[in-house]
Amino acid sequence: MLFLNYIISIIEILILILPILLTVAFITIAERKTMASMQRRLGPNIVGYYGLLQPFADALKLLIKEYISPTQANIILFFLGPCITLIFSLYGYAMIPFGPGITINDFNLGLLYMLAVSSLATYGILLAGWSANSKYAFLGSLRSTAQLISYELILSSALLLIVLITGTLNLSVIIEMQKIVWSILPLLPLFAIFFIASIAETNRAPFDLAEAESELVSGFMTEHAAGIFVFFFLAEYASIILMCILITIILLGGYEIISIIDFFNKFINFFVNNIFFIISIIHIYVSEISLVFNKFIVNILSNYNNYIYIYIKEDLINLINYLYISFFFNPFILSFLNIFIIGFKSCLLIFTFIWVRASYPRIRFDQLMSYCWTILLPIIIAIIIFIPCILYNKDIIPCIISLL
C-alpha cells in the first residue's frame, strides 16, 4: 500500500511538472515571436510550422554540446548551483490551486511556502557565481543576491497586506474570497508595485542587471554551458510563470469564473423572456413583406399572459437552465474551464512581462537599488498602513473579527 502511494505521488508530480516544462518551452518561442512582431521582424519561422519546434531545436543543440568546466572552479558547487535554482523554481507549483481541489497539496501556509521557496532559489545563483572562480560570474551573483533580497522585501510586504485583508495564508481560500470582487480593483496600486517587484525578482529586463551582457558578459551564467545552462534557462522562465500565476491568484481571482457563468445565465434568461419581442423588432425593421406574420406577432405581444406564450417561454427557460446546469456544472467541464481561466489570466501577465522587456532599456544597478529602497518601499509601507486603517474603521478586518 505504501509503495502504491509513492507511485501515485510520482504520477501526480509528473502530470504537473511535464506540462510546466512544455509551457516554458513554448513561452520562449512566444517571447521571441512577440518581440519580433514589436520590432518589425519575423522571428523563428523555419523549424516546424510557424516556428513552433524552435524551442526543441534549441534544447537539442544545448544538450548535445560538449561541456567544458573551468579548471579552477569548485566543480561540486558549480554543478549544484543550477540544480538548486531549477528545483526551487519548480517547488512552488505544488501549492498552486488550478481549480477547486485541483492541487497537489492544499497547504494552509501555502503563501508563506511559495515566498520561502522563491527566496531559496537565490542560493543557487550565489553558489553558481562564486564557484565559477570568474570575476564576471561573481559580480553577477552578488548583484543578483542584492537585487533579489531587496525586492523580496517588497513582495513580502505586498503579500502581508493580502494576508491581512483575507485573514488566511491558504491560496484556495484567497481565491474563494474573490468571488464578489477581484482584489485588483481595490488594490490597484498594490498590483502595480507587486508586478514591478516580480519583474525584478525574476531577473527580467529592464531589471536584468545580474546577467547584463553589456557589462558582465552573461553575469552569473558566464562560465556555464551546454546542459547546465539549460537549467538556468528553465528556472528563469519557470519563475516567470510561477510569479504570474501567483499574481493571478492573489489579485485577479485565480480560477474564479462563477460570476461569469451567472452573468451568462442571466443573459440567456433575459433573452428567453424577451424572445418574442426581439423577433418582432427584427422582423419589423428588417423585413416589411409579411404583414400577416407581423400581425400575428403583434397579437402575441398584446396578449402577454397568453397561455401558449407562457407555455413556450417556460419550456425554453427550463431547457436553457437544464443545458446550463448540465454543461457548466459538469465536473470535467468545470475543471477544464477553471484551468483555462487561470491559464488565460497568467498568459496575459506573461505577455506584459514580454512587453515590458521590449519597451524599456536596462537601468544602472545603483538606480535599481535606489528605486527599491527610496521609492517602492516607502509607498508599500504607506499602503500597508493606510488600507488597514480604512478596514479597521469599518470593522471589517478578518483577523480582528476572528480574534473578537
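Biologist: What should I know about the model before reading anything from it?

Modeller: The model is predicted, so residues are numbered from 1 along each chain as its sequence is written, local features need pLDDT of at least 70, side-chain atom pairs count only at pLDDT 80 or more, and totals for chains, interfaces and linings use all residues. Side-chain values use heavy atoms, with hydrogens and water left out.

Biologist: How many helices and strands does the protein have?

Modeller: Helices (H or I, at least four residues) and strands (E, at least two) are DSSP runs, numbered from the N terminus. Here there are 16 helices and zero strands.

Biologist: What share of the residues is buried?

Modeller: Buried means under 20% relative accessible area, exposed means over 50%, and partly exposed lies in between (1.4 Å probe, protein chains only). Of the 404 residues, 43% count as buried. As for the surface, accessible areas come from the Shrake-Rupley method with a 1.4 Å probe, and for residues only the protein chains shown count as cover. The accessible surface of the protein comes to about 22,300 Å², and 73% of that surface belongs to carbon and sulfur atoms.

Biologist: What share of contacts joins residues at least 24 apart in sequence?

Modeller: Contact means heavy atoms within 4.5 Å. Among contacts between residues at least 6 apart in sequence, 79% join residues at least 24 apart.

Biologist: How are two packed helices described?

Modeller: By the angle between their axes and the distance between the axes. Axes are lines fitted to C-alpha atoms, for helices over the stretch in contact, and angles run from 0 to 180 degrees between N-to-C directions. Take helix H3 (residues 75–91) and helix H9 (residues 226–251): their axes come within 8 Å and cross at roughly 25°.

Biologist: Are H3 and H9 roughly parallel or antiparallel?

Modeller: Angles under 35 degrees count as roughly parallel, over 145 as roughly antiparallel, 65 to 115 as roughly perpendicular and the rest as oblique. H3 and H9 are therefore roughly parallel to each other. The contact uses Phe 79, Pro 82, Cys 83, Thr 85, Leu 86, Ser 89 and Leu 90 of H3. From H9 come Ile 228, Phe 231, Phe 232, Leu 234, Ala 235, Ala 238, Ser 239 and Leu 242. For residue classes, Ala, Val, Leu, Ile, Met, Phe, Trp, Tyr, Cys and Pro count as nonpolar, Asp, Glu, Lys and Arg as charged, and the others, Gly among them, as polar. The contact of H3 with H9 has 12 nonpolar residues, three polar and no charged.

Biologist: Are H7 and H9 roughly parallel or antiparallel?

Modeller: The axes of helix H7 (residues 188–201) and H9 come within 11 Å and cross at roughly 165°. H7 and H9 are therefore roughly antiparallel to each other. H7 contributes Phe 191, Phe 194, Phe 195 and Ser 198, and H9 contributes Met 243, Leu 246, Ile 247, Ile 250 and Leu 251. Those residues divide into eight nonpolar, one polar and no charged.

Biologist: Is Arg 204 buried or exposed?

Modeller: Arg 204 is in the loop between H7 and H8, and at 3% relative accessibility Arg 204 counts as buried. Leaving aside neighbours within four places in sequence, Arg 204 is in contact with Glu 31, Ile 199, Glu 236, Tyr 237, Ile 240, Phe 353 and Arg 357.

Biologist: In which residues other than glycine is phi positive?

Modeller: Asn 203 is one of them, with phi near 60°. Asn 203 is found in the loop between H7 and helix H8 (213–216) and is buried at 5% relative accessibility. Phi of Asn 133 is also near 60°. Asn 133 lies in the loop between helix H4 (110–131) and helix H5 (135–166), and at 54% relative accessibility Asn 133 counts as exposed.

Biologist: How far apart are Ile 342 and Gly 254 in sequence and in space?

Modeller: Ile 342 and Gly 254 are 88 residues apart in sequence and 5.4 Å apart in space, C-alpha to C-alpha. Ile 342 lies in helix H14 (residues 331–359) and is buried, with a relative accessible area of 3%. Not counting residues up to four places away in sequence, Ile 342 touches Pro 97, Phe 98, Ile 245, Thr 248, Ile 249, Gly 254 and Tyr 255.
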